[in-house]
Amino acid sequence: MLFTRLQQRKVPDHMCGIIGYVGSQGTDVTSILLDGLARLEYRGYDSAGIAVLSPSGELELHRRAGKIANLAATVENGSRPGLSTLGIGHTRWATHGRPNDENAHPHPDCTGSLTVVHNGIIENYAELRQELQGSGHVFRSETDTEVLAHLVEHAYTGEAQGDLTEAVRLALQRVTGSYAIGVVSRDHPDLLVGARCNGPLVVGLGENEQFLASDITAILKHTRRVIILEEGEIVTLRPTGVAITTLDGTPVQRDAIIVEWDAEAAEKGGYPHFVIKEINEQPEALRRALLGRVRDGQLHLAELQRMEQEGLLNNIQRIVVVACGTSYHAGLIAKYVIERWARIPVEAVTAAEFRYSDPIVGPETLCIAVTQSGETADTLVGIRQARERGAPVIAVTNVVASAITRISDAVLYLQAGPEIGVVATKTFVSSVAVLYLLGLYLGQARGRITPEQAHEYLAALELLPEQIGQILAHAVSADDSIQPLAKRMARVSSIMFIGRGVGYPTALEGALKLKEISYIHAEGFPAGELKHGSIALLDPDTPLIGIATASHVYEKVVSNIQEVRARDAHVIVVATEGDEKIRLHADDILYVPATLEELSPLLASVPLQLFAYHVAVARGCNVDQPRNLAKSVTVE
Ligand code: F6R
């Protein structure tokens with residue numbers, strides 16, 4: 001019951017993990033924090049740190065790149081803080097700045113009197129940093145988070161007059177972006193302050209002690225009484241109790257809930273598998289891909305500034321997208337869209353072929369490497385070759401400081417948060433979104449897209465998270481048709497997918513997802529190509545999924561579907577809401593909201609992911625770790 005309630009709330013997830021503790025009696029806070037961080041490990045991270053109030057009243061800081069075990073060893077070998085009443089800890093998944101000791105959280109203010117942990121992205125950090133430096137604040141890391149520490153310090157020593165909660169409130173009023181934070185000060189041994197805006201944060205209620213955490217897993221060992229903070233709320237935790245207000249200071253009453261999950265279910269946010277959790281995180285992942293890049297209807301790709309200044313993009317005659325698997329499908333979508341928007345010829349090539357093709361590339365060929373892990377061996381080798389031949393390279397990846405980032409001229413990060421399920425779901429959606437932004441950028445730079453057109457595309461892009469949310473909400477409603485369909489299809493031995501234009505890579509990705517996690521043979525084809533041979537495979541036992549969302553080739557796809565139906569195949573169609581005509585040509589229909597043709601893969605892919613997931617579950621497959629697959633393919 002509670003599972004369902006929390007799922008429906010769609011608590012967004014993020015990279016990084018936060019743990020905080022405040023109690024009335026001296027206890028081993030260090031162990032509580034390290035244990036909590038270990039339980040947040042599954043979220044993915046590349047450095048970790050804690051700050052504990054020492055018996056002498058100082059905030060002792062320990063931060064280490066790498067695993068929590070490194071941090072624990074540093075703490076044990078150094079001055080392990082004694083019994084304490086207060087502390088915060090953090091696992092960091094790098095977004096701004098490398099994953100090293102200095103960039104690990106917690107981040108102190110100028111004097112070390114207070115310290116902050118943060119999960120999310122501060123969009124306007126560059127301006128704030130400049131302003132704070134101008135008024136004398138000294139920065140010691142490359143992170144966006146550090147501006148929060150200085151903003152709180154500024155307010156604490158000024159307007160808030162030593163009131164920590166008020167200082168946090170004032171600081172957050174300056175910030176745009178997403179965050180969940182925890183703040184402690186050596187002046188207040190019995191006070192922990194937390195706040196949330198588009199980042200998960202829960203409060204655990206104990207006896208004369210309270211906990212703050214990114215998710216319930218981290219505190220389940222200590223308490224099952226939990227309050228889930230809502231967007232735009234600040235919480236003040238004291239050993240005697242907690243008080244919540246909104247960002248404008250209005251008090252909020254919220255009852256605690258009693259958590260009945262076990263720890264494993266809690267890690268998955270109440271979902272039975274990481275894959276379905278990550279499918280449900282797609283609206284948030286998409287928002288994060290646009291974060292800081294689409295502002296007031298304008299496109300800002302600051303990441304490309306250096307390439308622009310060096311003139312690397314001035315003479316581009318051709319683009320080659322190099323990628324594997326799902327990332328290759330994202331690249332194929334980019335081919336259609338960039339060619340249309342920028343009128344530059346684009347080729348999408350699987351990296352394993354590219355690297356052995358003696359590729360014809362040079363300074364006039366822009367190479368785009370799409371790799372969510374940033375470590376795929378074939379993609380890395382292919383891109384190295386391209387660079388050796390003088391090609392400028394832009395990487396699209398989810399992992400900060402991964403190998404691909406070191407051999408690229410510019411990096412566009414997905415900012416999607418860790419993906420634990422082996423198969424790519426949310427990173428596919430994020431990769432496609434980032435490639436759209438790159439396409440619009442190139443289209444505008446070439447004068448092929450007017451500011452008005454760009455505005456229209458960006459507005460449609462910004463609508464997509466909500467539209468994906470609608471598909472996901474429908475899929476858990478009583479009207480859902482995907483699960484019953486998946487159950488019916490679970491015993492077939494082969495399924496074909498067809499599409500045209502951007503619907504073709506959507507079909508390829510739908511087929512790949514299905515075969516990867518359900519082990520049903522699945523193949524995607526360009527719809528017009530089917531009759532040139534593969535149609536021979538069709539019979540009443542081989543269903544076909546057609547992508548027939550609104551597009552300039554809609555009628556053509558419908559004709560191809562008719563050809564298939566004439567062979568008695570069972571036809572399932574992904575169509576645009578409001579398309580009644582398609583009912584004449586389909587046995588089952590999966591509707592998605594209307595969007596611009598170019599953007600349609602991001603909506604059409606979602607029911608296909610859900611279909612693959614439910615078929616796999618119905619077949620009893622290991623959806624999170626399918627046989628023979630690895631998350632990072634670092635061998636040829
Ligand atoms: C499919 C999948 C793989 C990867 C491919 C490339 O679900 O996960 O096909 O897309 O191995 O991986 P990256 O993007 O890390 O280079």
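How many bridges join strand β8 to strand β12, and do the two run parallel or antiparallel? Strand β8 (residues 192-197) and strand β12 (residues 233-238) are joined by 5 bridges and run antiparallel. The views below come from a predicted model, in which local features need pLDDT of at least 70 and side-chain atom pairs count only at pLDDT 80 or more, while totals for chains, interfaces and linings use all residues. Residues are numbered from 1 along each chain as its sequence is written, and side-chain values use heavy atoms, with hydrogens and water left out.

**View 1. The antiparallel sheet that holds β8 and β12.** This open sheet has 7 strands in the order β5-β6-β7-β8-β12-β13-β14, with antiparallel pairing. Two strands pair if DSSP finds at least two bridges between them. Helices (H or I, at least four residues) and strands (E, at least two) are DSSP runs, numbered from the N terminus. The edge strands are β5 (107-108) and β14 (251-252), each of which pairs on one side only.

**View 2. The parallel sheet around β23.** Strands pair through backbone hydrogen bonds, either parallel or antiparallel. Here 5 strands form an open sheet in the order β24-β23-β25-β26-β27, and the pairing is parallel. β24 and β27 (588-592) stand at the edges with a single partner strand each, so one side of each is left without a neighbour in the sheet. From one strand to the next the twist averages 20°; axes are lines fitted to C-alpha atoms, for helices over the stretch in contact, and angles run from 0 to 180 degrees between N-to-C directions.

**View 3. Strand β23 and its two partners.** β23 (residues 494-499) is mostly covered, with 6 of its 6 residues buried. Buried means under 20% relative accessible area and exposed over 50%, with partly exposed in between (1.4 Å probe, protein chains only). In a regular strand the side chains alternate between the two faces of the sheet. S494, M496 and I498 point one way from β23, I495, F497 and G499 point the other way, and all are buried. From β23 the chain crosses through helix α17 (residues 503-518) to β24, and this β-α-β crossover is right-handed. Right-handed means that, with the strands pointing away from the viewer, the path from the first strand over the helix to the second runs clockwise. β23 and β24 (residues 521-526) run parallel and are joined by 6 bridges; in this pair S494 stands opposite H521 and I498 stands opposite F525. β25 (residues 544-548) pairs with β23 in the parallel sense over 3 bridges, and M496 stands opposite L544 there.

**View 4. The largest pocket.** The largest pocket has a volume of about 810 Å³. On a 1 Å grid over the protein atoms alone, a pocket is an open set of points where a 1.4 Å probe fits, with protein on both sides within 12 Å along at least five of seven lines, and lining residues have an atom within 4 Å of a point. Grid points are joined across faces, edges and corners, and a volume is the space filled by probe spheres set on the points. Of the 28 lining residues of the largest pocket, H96, Y125, A302, E303 and Q415 are the closest to its centre. The elements that give two or more residues to the lining are β6 (114-122), α4 (125-134) and β22 (410-413), and the largest share, 3 residues, comes from α4. By class, the lining has 13 nonpolar, 7 polar and 8 charged residues. Ala, Val, Leu, Ile, Met, Phe, Trp, Tyr, Cys and Pro count as nonpolar, Asp, Glu, Lys and Arg as charged, and the others, Gly among them, as polar.

**View 5. Backbone geometry at P106, D296 and D358.** Most residues other than glycine have a negative phi, and most peptide bonds are trans. The peptide bond from H105 to P106 is cis, with omega near -5°, and P106 is in the loop between β4 and β5. D296 has a positive phi of about 50° although it is not a glycine. D296 is in the loop between β16 (294-295) and β17 (298-299) and is exposed, at 76% relative accessible area. D358, in the loop between α12 (351-354) and β20 (365-370), has a positive phi near 45°. D358 is exposed as well, at 56% relative accessibility.
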